[in-house]
Amino acid sequence: MTKKLLEKWQKILSDIKLIPLLIGIGAFFVAHVLTFFQLNGQFLYKSFVKHEWAVAAAGVILSFFYIWGTKYTVEAFSGLLWPGRFIGFGVGMVVYAIMVSYFFNEGINLKTLTSLILATGLVCVQVFWKA
């Protein structure tokens, strides 16, 4: 039984291209951190309110990180789009939870923890479940 399970995991992991997956996750991470500041910086820094147009224009730059995240996660999964979408979502949920907790002292309650576990589950389904 253990040998069968090991072989199954080796097959799953061998189908995923690891380097593009890591680059994609990294790009999504940067995109979500920048998006967090773009949207919530107005509550942290007066300059974000004063220079609203500049903050909005920064969206052009941060969009490239979403494009790259999508590009590399699709490559990692041999052209499949859904896994990359859920990975981007999962990374965003984790980044947002950590940053809201850190910058706004909104702790992670049971409801948020449950959402994070579900987000992690969605990512795991896309990464490890082969149809």
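Visitor: What makes the largest nonpolar core a core, and which residues have the most contacts inside it?
Guide: This is a predicted model, and its largest nonpolar core has 14 residues. Leu21, Phe77, Ile87 and Val127 have the most contacts inside that core. A set like this counts as a core because its residues are buried, meaning under 20% relative accessible area, and joined through side-chain atoms within 4.5 Å.

Visitor: Which helix gives the most to this core?
Guide: That's H5, with 5 residues. H2, H5 and helix H6 (110-128) each supply at least two.

Visitor: Why are H2 and H5 called oblique to each other?
Guide: Their axes cross at roughly 45 degrees. Roughly parallel would need an angle under 35, and roughly perpendicular starts at 65, so H2 and H5 are oblique. The axes of H2 (residues 18-40) and H5 (residues 82-104) come within 9 Å, and the crossing is right-handed.

Visitor: How do you know what kind of residues make up the contact of H2 with H5?
Guide: Sort them by type: 15 are nonpolar, 5 polar and none charged. On the H2 side they include Phe28, Phe29 and His32, and on the H5 side Gly84, Gly88 and Val91. Gly counts as polar here.

Visitor: What makes the pattern of the chain α-α-α-α-α-α?
Guide: The chain has 6 helices and 0 strands, and that's how it reads along the sequence.

Visitor: How many of the residues are buried?
Guide: Buried residues make up 29% of the 131 in the chain.

Methods:
Residues numbered from 1 in each chain as written. Predicted model: local features only at pLDDT ≥ 70, side-chain atom pairs only at ≥ 80, totals over all residues. Heavy atoms only, no water. Axes fitted to C-alpha atoms, helices over the stretch in contact; angles between N-to-C directions. Helix = DSSP H or I, 4+ residues; strand = E, 2+ residues; numbered from the N terminus. Parallel < 35°, antiparallel > 145°, perpendicular 65-115°, else oblique. Left-handed = near helix turned anticlockwise from the far one by under 90°. Contact = heavy atoms within 4.5 Å. Buried < 20%, exposed > 50% of the residue type's maximum accessible area, 1.4 Å probe, protein only.
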